[in-house]
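Let's take a walk through this structure together, one site at a time. Have the model open as you read.

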Amino acid sequence: MTSPAKLPVFDRFIQDLRAAWAELPDTESRMKRGTVLLEALVQDPSMREASKSWPSTEGRQNLLFYEDPDYNFAVNGVVRVPGRKGSIHDHAHAWTAYGVLDGTESLQRFQRVDDGSKEGYAKLELISVTEGKAGKVDLVPPFDIHAEQGGPTRSAAVILRSERVAGRTTQGSYDVDKQTIRQIEGPTQVPYEVCG
Ligand SMILES: [Fe+2]
C-alpha cells in the first residue's frame, strides 16, 4: 500500500516560510511576510479540496501540520463544527496568522480596560468583529485578546504561529461576563500530514 502524496502547494509554503525566516531579522517582519504567503495558501483550490477530509478539532485540539526544526515556527489546522462557540484567549508572546480556508468564521477582538493589578481579574471590551471568509488572513500580535467563532457551516482554517505555544508556555483565558482571567495550557497537538 502506498501512502498518499504530500500536497505540493503546502511543501512550497513551508519552503517559502523558511526562506523568509532566513532572510528577515525579526519576528514581526517574518510574520508579516508569512501572512502574505498564508493568504496565497488559503486561496489555493488544491489546499481547500484537501481540507474537506480533515478531522474535526472539537475538544480543544489543533492538527499539527508542521513545526520547523531550525526556526521553530509552527503550522496548525483547525476544523470547526457549525456554530462552534470560541473561547476568549491570547497566545502569550507568540504571533499568530489565522487564515480561513473553507467556510466562514468571525474573529472578535477585545481590549483590556482594567490595569491588570488585581490577580485573576480582567475587564474586557469588544473592539471589533471581522468576518473571515475563505481566503482571508488575520494577523494577531502577541498578547492580543481574541476569540474565533464558527460560522453556520463546517469551517477549516490554517494557522501560522511564530512558535508553538501549546506544551511550552501557558496562555491567558478570559471570561468576559465573570470578568476573570486564568492561565491555561494550549490546545492538544495532533500530528497530521497535509496530503493531496
Ligand atoms: Fe486564537
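Start with His91, which sits in the loop between β3 and β4 (strands are DSSP runs of E, at least two residues long, and helices are runs of H or I of at least four, numbered from the N terminus). Keep in mind that this is a predicted model, where local features need pLDDT of at least 70 and side-chain atom pairs count only at pLDDT 80 or more, while totals for chains, interfaces and linings use all residues. Residues are numbered from 1 along each chain as its sequence is written, and side-chain values use heavy atoms, with hydrogens and water left out.

Is His91 buried or exposed? With a relative accessible area of 6%, His91 is buried (buried means under 20%, exposed over 50%, partly exposed in between, using a 1.4 Å probe and protein chains only). His146 is buried too.

Now look at what His91 touches. Its side chain makes a polar contact of 3.2 Å with that of His89, and another of 3.4 Å with that of His146. (A polar contact is a pair of N or O atoms within 3.5 Å; within protein, one must be able to donate a hydrogen and the other to accept it, and residues adjacent in sequence count only if both atoms are side-chain atoms.)

Which residues hold the iron ion? Its protein donors are His89 (NE2), His91 (NE2), His146 (NE2) and Glu148 (OE), at 2.1 to 2.3 Å. (Donors are N, O and S atoms within 2.8 Å of the metal, or 3.2 Å for Na, K and Ca; water is not among the atoms, so sites may look incomplete.) Along the chain, the donor residues follow the spacing H-x1-H-x54-H-x1-E. His91 is in the loop between β3 and β4 (96-102) and His146 in strand β8 (residues 145-150), so this pair ties together parts 55 residues apart in sequence. The four donor atoms subtend angles of 90 to 156° around the iron ion, which makes the arrangement irregular. (Four donors are tetrahedral if all angles lie between 85 and 135 degrees; four are square planar and six octahedral if opposite donors are over 155 degrees apart and all others between 65 and 115; anything else is irregular.)

Finally, find the residues that count as nonpolar, polar or charged around the open space: the lining of the largest pocket divides into seven nonpolar, nine polar and seven charged. (Ala, Val, Leu, Ile, Met, Phe, Trp, Tyr, Cys and Pro are nonpolar, Asp, Glu, Lys and Arg charged, and the others, Gly among them, polar; a pocket is, on a 1 Å grid over the protein atoms alone, an open set of points where a 1.4 Å probe fits, with protein on both sides within 12 Å along at least five of seven lines, and lining residues have an atom within 4 Å of a point.)
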